[in-house]
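Okay, thanks for coming, everyone. Let me put the structure up and then walk you through it.

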Amino acid sequence: MSLELRDIVVEYRGAHNSMVRAVNGVSLTVEPGKVVGLVGESGCGKSSLARVASGLIKASKGSVLFDGEPVAPLSWQRRPRRELGLQMVFQNPYSSLNPRRRIDAQLLDGVPADVPRRSRRSYVLEQLDRVGVAPDVAGRFPHQFSGGQLQRIAIARALVTRPSVLIADEPVTALDASSQVHVVNTLTQLVRDLDVGMLFISHDLALVRHIADTTAVMYLGKLAETAPTAQLWSQPGHPYTSSLIAAIPQVKAGAGLPVALAGEVPDPANVPTGCAFRPRCPHASDECTREPELWPHRAGRSACWLIHPGTEIPVRPAQPVA
Ligand SMILES: Nc1ncnc2c1ncn2[C@@H]1O[C@H](COP(=O)(O)OP(=O)(O)OP(=O)(O)O)[C@@H](O)[C@H]1O
Ligand SMILES: [Mg+2]
């Protein structure tokens, strides 16, 4: 079952009745057994898109289709069984689990009705085992676990309902490096073993590189580029992608400091006309005062005037702007 986002727009009402367009026409598809990585700087609209995708908030425009059917924003209690196939993992496992209830009890709540009464507990323990949590600690409270363990428990809780698609919004950002590796490995293993689709949201492009089949780069509410991950790294089709890659610290000796992205992310309430990346782009020209479209670029798409339909002009690596 795939998840399809079509032309999603999310608007929030800001101060003095102003309108903030956090997401401005994004389309994405998450197929079973595939990981779509969604990256971009803070405030570009990733979580807003995730909330729409999971039905937590309603899109101002556009549609969300799960298994070809529209996803209605409903409270979790009233969710039709079919839509439980769509589960979310949040950044902070402490806030996504109830601190006053034992974790086995919390997981039992989500067990599908077709699991017989006598096997419900072993079904829960099986899911915990899948994420590497031992059965003898299942009766503990959330505060008795580390952050990394708790995030794996939050994943197990999502798995209990047998989801088809997981939406993971910065699932490892709050964890230390070794827990990050553990949780990321758990998630990717699940995608392959259970044929679950995953939208993996992160501001960490280097992490997404290792797990995503496709990577989508978002800038100020829009997709700047989407491409198979290997291509995105070797032949980025958008100067913003090149800048994000150049900003990643290298471990290699003599690699020098990363190239910081020039300028600040503009205020979403005051987006520049034409290409929104124009004020920070080392390649900006007069052309860029007109809005680019997501044109085909090799096996992906890029919203940059350097890429014209039908022709391929390689983008030079981003240069620091004085
Ligand atoms: N409930 C809200 N009301 C008003 N504005 C909001 C609301 N939620 C988000 N925004 C604004 O929408 C924009 C996008 O926010 P969002 O949380 O989607 O970004 P993000 O890409 O997830 O950022 P981060 O990487 O920091 O998590 C931001 O400018 C934010 O201030
Ligand atoms: Mg966010």
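Which residue follows α5, and is its phi positive or negative? That's Arg162, with a positive phi near 55°. Before I go on, the housekeeping: this is a predicted model, so local features need pLDDT of at least 70 and side-chain atom pairs count only at pLDDT 80 or more, while totals for chains, interfaces and linings use all residues. Residues are numbered from 1 along each chain as its sequence is written, and chains are lettered from A and ligands numbered from 1 in the order in which they are written.

Let's start with the overall picture. The chain has 9 helices and 12 strands; those are DSSP runs, H or I over at least four residues for helices and E over at least two for strands, numbered from the N terminus. A compact globule of 322 residues would have a radius of gyration near 20 Å, and the chain's 21 Å agrees with that. That radius is taken over C-alpha atoms, and the globule rule is 2.2 Å times the number of residues to the power 0.38. Along its principal axes, the C-alpha trace spans about 70 × 50 × 40 Å.

How much of the chain is buried? Buried residues are 41% of the 322. By "buried" I mean 20 or more other C-beta atoms within 10 Å of the residue's own, with 12 or fewer for exposed, partly exposed in between, and C-beta atoms placed from the backbone.

Back to α5, residues 147–160. Its 14 residues reach 20 Å from first C-alpha to last, close to the 20 Å expected at 1.5 Å a residue; the expected span is 1.5 Å times one less than the number of residues. Of those 14 residues, 13 are buried, so α5 is largely enclosed by the rest of the structure.

Helix α9, residues 239–246, has 6 of its 8 residues buried, so that one is largely enclosed too. The buried ones are Pro239, Tyr240, Thr241, Ser242, Ser243 and Leu244. Their cover includes β3, α7, β9, β10 and α8, where a contact means C-beta atoms, placed from the backbone, within 7 Å.

Now Val89, in strand β6. Val89 is buried, with 27 other C-beta atoms within 10 Å. Leaving out residues up to four places away in sequence, Val89 touches Ala154, Ile155, Ala158, Leu166, Ala168 and Pro171. Ala168 is 79 residues away along the chain, yet the two C-alpha atoms are 4.6 Å apart.

Next, the sheet. Four strands make an open, antiparallel sheet in the order β2-β1-β4-β5, and strands pair if DSSP finds at least two bridges between them. The edges are β2 and β5, each pairing on one side only. β1 and β2 share 9 bridges, one of them joining Val9 to Asn24.

Last stop, ligand 1. What comes nearest? Out of 14 residues around it, Tyr12, Ala22, Ser42, Ser47 and Ser48 do, with "around" meaning a C-beta atom, placed from the backbone, within 6 Å. β2 and α1 each give two or more residues to that shell, and α1 gives the most, with 3.

Notes: Contact = placed C-beta atoms within 7 Å.
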